[in-house]
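Subject: Structure handover

Hello,

Here is the structure I promised to pass on. My notes on what turned up in it follow below.

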Amino acid sequence: MPRRNWTPEETHMAFALYLLLEPSQISKTNADVISFANAIGRSPSSVALKLWNISAYDLNRVETGRVGMRHGNKLDRLVWEEYNEGGEDFLAASVDQLKETATKHRLEFKALKPVYAEIDSTPVGKERTATVKQRVNQRYFRNSLLKVYEGRCCITGISAPNLLIASHIKPWAFSDNATEKLSPTNGLLLNALHDRAFDQGLMTVTPDYRIHVSKYVKHNQDPLGWLWQFDKQEISLPKSHAPNKELLLYHNDEVFKG
């Protein structure tokens, strides 16, 4: 295929795809990468390189040993600036554009399925846009935590993906900006029970990375009594992006029911 510059529209769709894919999926052999390449008339290698170039400007990027070109297209930097400056509606529009392109070319993007599940019948508007933004952001946040915690609960070591939750330390609604909301340093990878307990303030993780169970949890209260087995223990720290101690302090002070 002849070399040609990427357009802003193509870059926006590539950005959406980047947020949807796990780092290990960014490859010229990935089915979604191939489908996107076919839709825009580029090679899978070109699309994979574009995604790595976008990754190079991701402040939350988890090291994978692969980076983009040192001097990538300026559009790769601009999409992050637009997103980080509060333009989440831009994200929803980019994802919608990616879906419309897939539909137009009768292609399937596996990564889009969880985003649009049960909302395809919802009219375009604030409700639909908010749902798309939330699902894409959650997928990106979860993918980041799965990578840094190597797919294991930081308390129990459970590694079953369906039982793992990407839990925010400082709740999403109170996080200051997109960077804080999506940073792996504002998250813990927990099993479903500990995630619920952490969210409800029945346990916390102190700034020295130790588990502290609330006095409101009874020792013989099944299944919550299981929480006491890990009280005072240190969590397993991720290989990068360790939990932010100030955010842990926030959870201790504002969420935990000591």
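D231 and K232 form a salt bridge, with their closest N and O atoms 2.8 Å apart. D231 counts as buried, at 15% relative accessibility. K232 counts as exposed, at 53%. Please keep in mind that this is a predicted model.

**Other salt bridges**

The structure holds eight salt bridges. One of them joins the side chains of K50 and D76, at 2.6 Å from N to O. K50 belongs to helix α3 and D76 to helix α4, so this pair ties together parts that are 26 residues apart in sequence. Both K50 and D76 are buried.

D199 and R196 also form a salt bridge. Their closest N and O atoms are 3.9 Å apart. The two residues are three apart in helix α9 (residues 192-199), so about one helical turn separates them. An α-helix has 3.6 residues a turn, so residues three or four places apart point the same way. D199 is partly exposed, with a relative accessible area of 46%. R196 is exposed, at 51%, because the cut-off for exposed is over 50%.

There is a network too: salt bridges link R4, E10 and R42.

**Charges over rings**

R42 has a further contact to look at. Its charged end sits over the ring of W6, 4.2 Å from the ring centre. The charged end of K170 sits over the ring of Y250, 5.1 Å from the centre.

**Aromatic pairs**

How many aromatic pairs does the structure hold? There are six. W226 and F230 make an edge-to-face pair. Their centres are 5.3 Å apart, with 85° between the planes. W226 is partly exposed, with a relative accessible area of 34%. F230 is buried, at 7%. Elsewhere, ring pairs link F15, Y18, W80, Y83 and F90 into a cluster.

**Helix α3**

Back to the helix that holds K50. Helix α3 covers residues 44-55, which makes 12 residues. At 1.5 Å a residue, α3 should span 16 Å. The C-alpha atoms at its ends are 17 Å apart, which agrees.

Which residues of α3 are buried? They are V47, A48, K50, L51, W52, N53, I54 and S55. These buried residues pack against three helices: α1 (8-20), α2 (31-40) and α4 (74-84).

Best wishes

Conventions. Residues are numbered from 1 along each chain as its sequence is written. This is a predicted model: local features need pLDDT of at least 70, side-chain atom pairs count only at pLDDT 80 or more; totals for chains, interfaces and linings use all residues. Side-chain values use heavy atoms; hydrogens and water are left out. Helices (H or I, at least four residues) and strands (E, at least two) are DSSP runs, numbered from the N terminus. The expected span of a helix is 1.5 Å times one less than its number of residues. Buried means under 20% relative accessible area, exposed over 50%, partly exposed in between (1.4 Å probe, protein chains only). Contact means heavy atoms within 4.5 Å. Rings of Phe, Tyr and Trp (its six-membered ring) pair if their centres lie within 6.5 Å; planes under 30 degrees apart count as stacked, over 60 as edge-to-face and the rest as tilted. A charge sits over a ring if NZ of Lys or CZ of Arg is within 6 Å of the ring centre and within 35 degrees of the ring normal. A salt bridge is a side-chain nitrogen of Lys or Arg within 4 Å of a carboxyl oxygen of Asp or Glu.
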